[in-house]
Amino acid sequence: MTAQIVTISSGKGGVGKTTAVANLAVALASEGKKVVCIDGDIGLRNLDVVMGLENRIVYDIVDIVEGRCKTRQAMIRDKRLPDLFLIPAAQTRDKNAVSPSDMMRLCDELRAEVDWVLIDSPAGIERGFRNAIAPADRVLIVTNPEMSAVRDADRVIGLLEAEEKAAPSLILNRLNPGLVRRGDMLSVEDVYDLLRIELIGIVPEDENVIMASNKGTPLTLDGKSRAGQAFRNVARRLSGEQVPFLELEAQSLWERLTRLGRK
Amino acid sequence: MAETSLVQMKGLRDGLLVSLGDAAWPVLESALMNYIEKNEAFFKGARVALEVGNQILKVAELSALRDTLSGRGIILWAVIGDSPTTESASQLLGLATRLHKPRPTPEPNPPARGIDNESALWIHKTLRSGVRVEYAGHVVIVGDVNPGAEVIAGGSVLIWGRLRGVVHAGAEGNQNAVVCALDLAPTQLRIAGQIATSPRREGNPQPEMIKLKDGRLQAESWHPG
């Protein structure tokens with residue numbers, strides 16, 4: 001196996017990076033892929049909470065890096081999906097406990113053993129962000145249809161360009177079609193117009209997301225919610241499925257929503 | 001030349017200034033790493049500004065160096081060089097390109113280097129938030145200038161794209177500098193000493209040129225002639 005290393009980043013906090021990581025991981029693992037999530041937010045970890053694995057943490061990423069355990073020992077296996085693993089962040093240390101080259105070593109080790117490595121980047125553009133993007137083959141930028149989030153996404157894209165990384169893809173999260181229709185929220189076009197990177201997913205605002213993350217059961221696990229469906233589509237696009245239809249599909253969904261609203 | 005003489009160090013108020021001599025980059029890089037290894041305790045946790053002279057450094061080289069240094073607990077915060085390539089590479093990586101104070105030998109009248117022979121800095125990409133471009137001559141950008149990006153030019157600034165960030169043309173007082181863009185909606189625009197923000201515009205964008213006229217910034221449509 002040669003894993004793809006995907007980092008999910010945003011610049012601004014609170015736009016849904018952790019939710020995106022948890023849901024993409026669940027979606028990929030339910031298709032029978034072996035997935036490892038790495039929480040890059042050392043000192044402010046919460047991917048474990050969203051995934052409902054908090055009480056099973058024994059070792060964390062800093063233990064791996066500092067040689068106190070084997071990588072395998074720090075990988076927590078999800079009870080619902082046997083192909084899903086989490087490497088949690090340390091809560092009692094800070095971002096400087098891990099370096100970009102540590103992350104690259106860790107990911108190189110995982111590369112041979114799994115299909116996907118998803119890295120949850122912390123907010124900001126400092127050390128934690130550098131750690132998270134260093135090993136990435138691919139970067140997904142999560143943003144909300146708000147000016148401040150889009151600005152920060154633009155900054156992060158600029159930093160990735162400066163690092164000469166492959167062009168990132170965009171997940172537009174928490175879109176509220178009603179607000180867009182009334183002109184009170186940036187539309188997909190407005191966001192694309194500024195950022196000009198490939199759109200890989202549009203996730204509608206969905207209160208189930210909050211309920212699910214409080215319960216520690218990523219909503220992609222149950223089949224119904226619209227946001228869960230959107231994340232499953234992102235996962236399929238990540239695997240290379242439907243790539244030619246990517247923007248068309250996104251747009252036709254969008255147009256359908258707009259048309260519904262006009263009636 | 002002895003390896004040590006390639007690397008000179010002095011203390012600044014808030015860190016270290018390391019000056020590199022003239023040699024091929026791989027030689028300099030290994031000389032620098034040797035130097036750091038010898039003085040490891042001294043460099044641990046230091047903020048380092050690197051003076052590279054005429055050395056032409058690309059983004060890949062600078063980012064590799066920054067990562068290597070950060071692996072040793074050294075923070076590279078500035079790269080000071082004479083080559084525009086080095087300067088723009090450091091700016092892209094968010095590194096400072098000058099120390100807080102003017103360089104040790106400030107010239108009495110800042111020479112408008114680029115303007116005399118009308119040379120211009122050519123940038124063929126979109127400038128995203130957080131990028132700052134400074135140049136003594138004219139600047140030509142094929143791409144957009146997004147909100148949060150800054151362009152500071154001694155001469156004129158011509159943007160074949162949308163201007164939504166901050167532009168300062170004629171930054172050293174050149175009142176004849178102009179700013180043109182295909183779609184002109186800057187966060188803020190300055191020519192010489194005058195500042196303007198753009199009014200909210202209705203209708204389709206059209207190419208415009210901003211000039212300094214009678215002490216005020218004025219827009220006119222941008223066409224040749």
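**Working through the two chains**

Mentor: Keep in mind that this is a predicted model. In chain B, residues 24 or more positions apart account for 35% of the contacts with a separation of 6 or more.

Trainee: How many helices and strands does chain B have?
Mentor: Chain B has five helices and 15 strands.

Trainee: And what share of chain B is buried?
Mentor: Buried residues are 32% of the 225 residues in chain B.

Trainee: OK, helix 3 of chain B. What length should helix 3 span, and what does it span?
Mentor: Helix 3 of chain B has 13 residues, and at 1.5 Å a residue they should span 18 Å. The end C-alpha atoms are 18 Å apart, so the two agree.

Trainee: Which residues of helix 3 of chain B are buried?
Mentor: B:L62, B:S63, B:L65 and B:R66. Looking down the axis of helix 3 of chain B, the buried residues fall within an arc of 160°, so they line one face of the helix.

Trainee: Why would residues a few places apart end up pointing the same way?
Mentor: An α-helix has 3.6 residues a turn, so residues three or four places apart point the same way.

Trainee: What's on the other side of helix 3 of chain B?
Mentor: B:A60, B:A64 and B:G71 are there, and they are exposed.

Trainee: What covers the buried residues of helix 3 of chain B?
Mentor: The cover includes helix 1 (25-38), strand 4 (75-81) and helix 4 (84-92) of chain B. After helix 3 of chain B comes B:G73, with a positive phi near 80°.

Trainee: Then helix 4 of chain B. Which residues there are buried?
Mentor: B:T86, B:E87, B:A89, B:S90, B:Q91 and B:L92.

Trainee: What do the buried residues of helix 4 of chain B pack against?
Mentor: Within chain B, they pack against strand 3 (47-53), helix 3, strand 4 and strand 6. They also pack against helix 7 (147-162) of chain A. Just after helix 4 of chain B, B:G94 has a positive phi of about 75°.

Trainee: Switching to sheets. What's the strand order in the five-strand sheet of chain B?
Mentor: The order is 6-8-10-12-13, in an open sheet with mixed pairing. Strand 6 (132-135) and strand 13 (194-196) of chain B are at the edges with a single partner strand each, so one side of each has no neighbour in the sheet. The twist averages 5° from one strand to the next.

Trainee: How do strands 12 and 13 of chain B run, parallel or antiparallel?
Mentor: Antiparallel, joined by three bridges. B:I191 has B:Q194 in strand 13 of chain B as its bridge partner.

Trainee: And strand 14 of chain B, what does it pair with?
Mentor: Strand 14 (residues 208-213) of chain B pairs antiparallel with strand 11 (residues 179-184) of chain B over three bridges. Six bridges join strand 14 to strand 15 (residues 216-221) of chain B, also antiparallel.

Trainee: Which residues does B:M209 bridge to?
Mentor: B:M209 is the bridge partner of B:C180. B:M209 also has B:E220 in strand 15 of chain B as a bridge partner.

Trainee: What's in the turn between strands 14 and 15 of chain B?
Mentor: The two strands form a hairpin with two residues between them. B:D214 in the turn has a positive phi of about 50°.

Trainee: Now chain A. What's the order in its eight-strand sheet?
Mentor: 3-4-2-5-1-6-7-8, open, with mixed pairing. Strand 3 (76-77) and strand 8 (198-204) of chain A each have a single partner strand, so one side of each is left without a neighbour in the sheet.

Trainee: How do strands 6 and 7 of chain A pair?
Mentor: In the parallel sense, over four bridges. One bridge pairs A:I141 with A:L170 in strand 7 of chain A.

Trainee: Last one: A:G11. Where is it?
Mentor: A:G11 is in the loop between strand 1 (4-9) and helix 1 (17-30) of chain A.

Trainee: Why does A:G11 count as buried?
Mentor: A:G11 has 28 other C-beta atoms within 10 Å, and the cut-off for buried is 20 or more. Beyond its neighbours within four places in sequence, its contacts include A:A123, A:I125 and A:D152.

Note on methods:
Residues are numbered from 1 along each chain as its sequence is written. Chains are lettered from A and ligands numbered from 1 in the order in which they are written. This is a predicted model: local features need pLDDT of at least 70, side-chain atom pairs count only at pLDDT 80 or more; totals for chains, interfaces and linings use all residues. Two strands pair if DSSP finds at least two bridges between them. Axes are lines fitted to C-alpha atoms, for helices over the stretch in contact, and angles run from 0 to 180 degrees between N-to-C directions. The expected span of a helix is 1.5 Å times one less than its number of residues. A residue is buried if 20 or more other C-beta atoms lie within 10 Å of its own, exposed if 12 or fewer, and partly exposed in between; C-beta atoms are placed from the backbone. The arc is that of the directions from the helix axis to the C-beta atoms. Two residues are in contact if their C-beta atoms, placed from the backbone, lie within 7 Å.
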